[in-house]
Amino acid sequence: MINLAFIFIVLPISLAVYVVVPNKYKNTALLIINAAVYLVFFRSSIPMLVLCGAVDFFGARYIQKTRKRVFARIALIVLSLKNISGAAILGYIAAVSNYVVPVGFLVYALTALGYLTDVFYGEAEAEKNIVSYYLFATFFSKAELGPIAEINQFRESLGSKNVTLFKIGEGFELFAVGLAKKVVLADLLFKAYQTLENDMVQGVTFLGCWIMVLCFMLWVYFFYSGYTDMARGIGKMFGLEFPENFKHPYKSRSLKAFFNRFNISTSFMLRRCVYQKIKKDGTLRVPSVIAGTLVVCALWTMWFGSTANAAVWGIYIAVFIIFEELVWGKKLSKASYHFSRLYTLIVCVFSFAILGTGTLGDAGKVALGMVGVADGVISDAVKYTLTTSGAVIIIGIVAASGILGDLFRRATHKYVKIREAITSVFCAAALVVAIVFLV
């Protein structure tokens with residue numbers, strides 16, 4: 001969906017149509033726009049999403065209406081397993097073959113999981129309008145990578161139909177920054193990462209391992225946050241509010257805090273709808289924490305595919321979060337700022353060493369290389385990467401740290417108009433640069 005045709009034709013026409021349509025027809029118009037975008041960009045996804053959406057729409061109404069709690073629980077389990085197993089199978093197919101799986105099903109599956117759980121526990125009313133449900137579950141801007149919407153918040157923004165020039169401007173700025181994150185920073189960092197990954201065939205070097213994993217970490221951040229910023233920006237243009245999804249996760253002081261800042265909507269939904277429910281229904285704290293964390297991390301791994309590396313990554317993350325929750329979490333919160341930051345970064349770096357390699361054997365080689373068990377310190381490929389991509393890596397580190405943003409806000413907190421003008425110019429420049437990269 002990230003191409004010039006979408007930016008200069010599909011999006012402006014869709015927005016113009018939506019703005020001029022009377023309020024009472026806006027939801028219908030938005031559904032038609034949504035369907036048109038899917039027909040152009042995600043045609044193969046339509047049958048599966050339409051079918052699953054209809055099943056979950058009527059299933060949620062059954063869960064709410066049935067007086068027998070056991071039947072409602074069975075319906076919740078069956079519908080949730082249908083969605084999660086479907087996403088896992090599609091992820092596995094994508095990992096082991098060249099088959100192009102339907103776009104958007106993982107986002108749909110996690111959205112439906114949260115929705116069905118909220119309906120079962122009485123935290124949300126089942127949607128009565130199937131048009132509204134399809135918009136909530138499948139809106140095109142968040143189809144690829146989220147964020148995961150929550151039904152009560154979505155209903156509020158859909159009902160307000162708050163389309164103004166100010167909102168369109170805010171949405172434009174978010175979209176421009178997200179587009180630049182993806183097509184400039186993420187794509188360039190991924191090329192540097194691929195160069196170093198291919199160099200592993202020649203041998204593993206100490207600096208090569210560290211820089212490769214660093215490029216992969218930064219790529220993951222800018223790739224996912226770029227897509228979700230674009231999704232939020234497009235949503236704002238149409239008067240829809242989607243939750244913030246990334247908040248400088250590499251500034252975290254614990255792994256648990258990291259996931260409260262990284263893909264926030266997914267973490268929040270899984271914690272609220274899975275982890276807390278398992279803890280609530282459990283009788284013993286320790287088994288409930290362990291079971292809840294393992295289930296949440298297993299669901300989290302689907303973002304990175306149904307592979308052995310992703311599974312081991314999930315177990316690795318779960319172990320540290322369990323120990324933070326049960327053993328050293330309080331001590332970590334009282335530790336010095338620099339120590340807790342260093343601890344979190346080290347744990348994250350080695351977790352991405354697992355994700356950023358093709359096999360578990362490669363992950364082991366990279367992890368050993370990072371602690372000095374390597375064929376050397378530096379290679380020609382590493383020197384080439386530092387020469388050609390060093391500036392991008394530094395820009396990525398600075399941007400991911402949030403330092404410049406913090407300094408800018410402090411310097412302009414008394415000058416709101418100036419800050420808004422500079423922000424608008426920056427976002428326009430980001431859009432121009434991103435378009436140049438797309439051409």
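Colleague: What makes W219 buried or exposed?

Modeller: W219 has 15% relative accessibility, so it counts as buried. Buried means under 20% relative accessible area, exposed over 50%, and partly exposed in between (1.4 Å probe, protein chains only). This is a predicted model: local features need pLDDT of at least 70, side-chain atom pairs count only at pLDDT 80 or more, and totals for chains, interfaces and linings use all residues. Residues are numbered from 1 along each chain as its sequence is written, and side-chain values use heavy atoms, with hydrogens and water left out.

Colleague: And what about F190?

Modeller: Its relative accessible area is 26%, so F190 is partly exposed.

Colleague: How many aromatic pairs does a search of the whole structure find?

Modeller: The search finds 46. Rings of Phe, Tyr and Trp (its six-membered ring) pair if their centres lie within 6.5 Å; planes under 30 degrees apart count as stacked, over 60 as edge-to-face and the rest as tilted.

Colleague: Why is the pair of F190 and W219 called tilted?

Modeller: The ring centres of F190 and W219 are 4.9 Å apart and the planes are at 40°, so the pair is tilted. F190 lies in helix α8 (residues 165-199) and W219 in helix α9 (residues 206-237), so the pair ties together parts 29 residues apart in sequence. Helices (H or I, at least four residues) and strands (E, at least two) are DSSP runs, numbered from the N terminus.

Colleague: Why is the pair of Y224 and F304 edge-to-face?

Modeller: The centres of the Y224 and F304 rings are 5.8 Å apart, with planes at 65°, so edge-to-face applies. Both residues, Y224 and F304, are buried.
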